Every structure is written in C-alpha cells, then in structure tokens.
Amino acid sequence: MMKLKLNDNWTTTNGNQPLTDSDVERYVSVVPTTNQRRLQDKPFYLFFHFGMNTATGREWGNAQETVEDFTITNINPEQWVRVAKSSGATGIILTCKHHDGFCLWDTGATDFNVMNTGLGRDVVKEVSDQCHQQGMDFGVYLSPWDMHEPTYGTPHYNDFFCRQLTELLTNYGDIFEVWFDGAKGANAKEFEYDWNRYYKIIRTLQPGANIAICGPDIRWVGNEGGKSRKSEYSVVPTYLTKCETIQKNSQHTADGGAAMQRIDSKDEDLGSRKVLSGNAYLSWYPAEVDVSIRKGWFFNKKDNRNVKSARKLLKLYLTSVGNNCTLLLNVPPSDKGVIHHKDARALKKLGSAVADITANPVLVQNFGKLGDKDGYLEFRFNAPKKLRYCIIQEDIAHSQRVERFDLYLQKPNGKYKLAYRGTVIGSRKIIKLKGQCTGAILVIRQSRSIPIIKQIGFYE
Ligand code: FUL
C-alpha cells in the first residue's frame, strides 16, 4: 500500500521543472482546428483496402496490370458499410487509387479505371452513397505514388493528380479525411509532389476535411502494427508535419514486415518539455493509428485464419482511442465483393465491447479550469463498485496540459491504492481498472498550466 502524496501536485512542484511564462504561453497556445477537434470527437473509423490487388492477391501492384486483371464481377457496398457501422466506427476511408494506379471511380483522367472492367460500376460512388445513407462519414485514400501512370516523374503528373483529386472531392459528397500515403517503391522515379497545390484544392473543395499523413492535420503514428507511444502528444514540433520527413519514414517495399511494426526509440519522445523547448515552431498534430484486421492490407484468403479477434481489436481500441490517438482500422472487402464473415463477426463483437465500456456509468462529472488549489480531485461512490474503466478527457480547445498524473482507488477497507500512473491525457485517456472500490482520487502531478478537464467518468 502506497502513502498518498496529495501535496505533491502540479500547483506546488510542477514536477520540479517549472516553465517560464513565455514557455507556458507558447505551449498552451497550440490548439486544434475545428476539423481536428471534430475528428478527435469521433476517433474511430475504418479503412477499406480494395482494388486491383484484391483481384490479383497482391499487396502492391507490379506496374504491369491491365483492366482485364480486375476480375471481380460483383460487390455489395451496402454490406460493407453496414458491417463497418456495427463495429462502432463512424467513418470509412476507401482506397480510391492505390500505388498500382487503378482507379475505383469513373475518372476522366485515365482509362485505367473500374468502368472499363467487367464490374463497370463506380465503386467510390456506391460506397460514398452508402456511407451517406447509413450515416457514416466518407473519406478518400489517393496514393500520390502511381506506378502505372506514364506521366509519373514528369511535371504533368501534378496536373494529373490534381485532376483526380478534384474529381473525388467534387462528385462524392462531403469528405471527412483525405489520406496521402508516404509510401513509394525503393526504385520508383524521383518526383517532387506539389503538396501545396494539393492542399489548396482540398481546402477549397472540402473545407471540412482533415489531411492525414502527408498532410498538416493528422500525424501517422509511425508504424502499422497498431502501437502508440507511452506519451502520445498532440503538440509537437512543426517539422514533423513536413512531407519530406514523413516520406522518409514511410514504407519502401510491399511488405514492410517487422520494420513497420516497431517504433524507433529515437522517435519515442515527440513532445515533452525538452523537445518543445528546442523547437521554435510547434503544431497541433494528433496521431492516428492505422492497423489491419488481417496480416495484409488487401484481402487474401490465405489470411482467413489470421483475422484478429474482437478481444485483440478491443485492446487496439484502448491503446489508440484510449491513448490520445484516433484509430483507423483496416477491413479489406474480399474478391467476392463482400466483407468476409470472420471479419464481420469480429467487428460486430468489437462494436458491443466498445459500447460496453461506457454502458454502466457509476459517476460522470464535468469540470473546466481547475482552481489553484485543485491539485487533486476526489470522487466518492455511494456503495462499493466493481469499476472496469475510467475515462479522463482534457478540454483540448485549450491545448493539452497534463503531463503526469496518478489515479488512486479507495478500497472497501478505506485504504488507497495506486491504480494507474499516467502521463499525457489529451483528448481521451481510457484506463482499465479492476477490483472493488468506494472512491477515487486523481492527482495531477505535472501540468503545463492550470489543468482544464472536460470530463472524468467511472464505469462498472
Ligand atoms: C502503406 C502502403 O504501402 C500500404 O499498402 C497500405 O496502403 C498502408 C496503409 O500504407 O504505406
């Protein structure tokens, strides 16, 4: 049993690392845009990897494919979206064009598109229509690297890419996220993408969209294994938003394998006081965790035995959504044009498990700016409760402030026990708890400025 140290909180010690007034001002003035806030309020959405690779069984194209290779003759987007919705996700991002260059929509930019195949249906239209009908957000993945398009590597490619982007952002309703992949084959032609021109088109045609990965709004967490850092900051040095940095760290082979699963330790700390103090420019750049329900990103029946269980998916949810990140979970529709029943079952179970997290509230309280003396917050339950989760949210409209905190639970014998020692809270920290308790104390040990807490909830 630990002794409660309630006086040792941010108001008195600030972790023995006091900040100057100008540091505080500089850090807490970095806040999310309206679009970023909206996404952090709807932090779970799905990826659909579907396209030429679904037909050929590859992860990356080989630059030799023709429309005849797309042998899929039927699709059921109604089922795709229905299954996605059952997982509790609120949006879908579709791979409208992967690195192979094959387009899933009726595009005027190239003949290498779905309308010239046996399927002959505009997949982007059907999926976006279903999303809008079933109340899901719709987003697009458009690979900048294109191994098929002859103009790639010449300045004309920027015009070609802008034309594709313009079509996607004009003809398919509201877009919530545009996903620009940094991946590019090791032997691909050198090319300088005109990012600023792309961003301008997005801001003009879809002002509500976040631009992710090779873009200024949403940060790639840095691996594809579903891992996030212990402290996943949203306020980070601005250089991290630059595409050159992102591309350098992206995938350069079809199977990134082990290299993509780990987080390089040199990247472990992106936003501590030490890092921020050494950087003149800071940005709000929250992390998105992208991970597949299967081994690969595209459907392959070899993987039918490796579909992640609902239990594993819930764990991913807790360590991403519950760790100040958003979660982009990939579920690839099959070459039969449906989401395989194993994936569908796991998603539905995940949906129930996610709903279950907050189904039985014991106490949910809204706060705001804590008072000078509120170094800790105390909670009493009216009877012993078997808590399962605690969810803490900072009001990120005022940036992220908390850097270290402790959560104590009071046992039925009256004694307190440290249940969790945490760092960043940000938009959402979900803590798994166990055992009976009659109360709780949250002590904020270190904060950049007066903590502004939106809500704390305890659930059984
Ligand atoms: C990577 C790509 O190379 C993969 O094929 C996949 O699309 C993944 C989400 O991004 O960089």
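The following conversation concerns a predicted model of one protein chain.

Colleague: To begin with the overall fold, how many helices and strands does the protein chain have?

Modeller: The model is predicted, and its protein chain has 12 helices and 18 strands. Along the principal axes, the C-alpha trace spans about 70 × 45 × 35 Å.

Colleague: What radius of gyration does the protein chain have, and what would a compact globule have?

Modeller: The chain has 23 Å; a compact globule of 460 residues would have a radius of gyration near 23 Å, so the two agree. Buried residues make up 59% of the 460 residues. Of the contacts between residues at least 6 apart in sequence, 80% join residues at least 24 apart.

Colleague: Which residues does L46 touch?

Modeller: Setting aside residues up to four places away in sequence, L46 touches A84, S87, A89, G91, I92, I93, L328, L329, V331 and L347. One of these, L347, is also among the buried residues of helix α12.

Colleague: Let us stay with α12, then. How far apart are its end C-alpha atoms?

Modeller: They are 25 Å apart; at 1.5 Å a residue, the 17 residues of α12 (residues 341–357) should span 24 Å, so the value agrees with expectation. The buried residues of this helix are D343, A344, A346, L347, L350, G351, V354 and I357. Seen down the axis of α12, they fall within an arc of 165 degrees and therefore line one face.

Colleague: Why do residues three or four places apart point the same way in an α-helix?

Modeller: Because an α-helix has 3.6 residues a turn.

Colleague: What does the buried side of α12 pack against, and which exposed residues does the face turned away carry?

Modeller: The buried residues of α12 pack against β1 (44–48), α4 (77–86), α11 (310–320), β10 (325–330), β13 (389–394) and β18 (453–459). The face turned away carries the exposed residues H341, R345, K348 and K349.

Colleague: Now α7: which of its residues are buried?

Modeller: In α7 (residues 195–205), W195, Y198, Y199, I201 and I202 are buried. They cover an arc of only 160 degrees around the axis, which puts them on the same side of α7. N196, K200 and T204 are exposed on the other side. The buried residues of α7 pack against α6, β4 (177–180), β5 (210–213) and α8 (243–248).

Colleague: On backbone geometry, what is phi of I213, and what is phi of N324?

Modeller: I213 has a positive phi of about 70 degrees although it is not a glycine. I213 is found in strand β5 and is buried, with a relative accessible area of 2%. N324, also a residue other than glycine, has a positive phi near 60 degrees. N324 lies in the loop between α11 and β10, and its relative accessible area of 2% is under 20%, so N324 counts as buried.

Colleague: Finally, where does D395 lie?

Modeller: D395 lies in the loop between β13 and β14 (402–410). At 24% relative accessibility, D395 counts as partly exposed. Leaving aside neighbours within four places in sequence, D395 is in contact with I452, I453 and K454.

Conventions: Residues numbered from 1 in each chain as written. Predicted model: local features only at pLDDT ≥ 70, side-chain atom pairs only at ≥ 80, totals over all residues. Heavy atoms only, no water. Helix = DSSP H or I, 4+ residues; strand = E, 2+ residues; numbered from the N terminus. Expected span 1.5 Å × (residues − 1). Buried < 20%, exposed > 50% of the residue type's maximum accessible area, 1.4 Å probe, protein only. Arc of directions from axis to C-beta. Contact = heavy atoms within 4.5 Å. Rg over C-alpha atoms; globule rule 2.2 N^0.38 Å.
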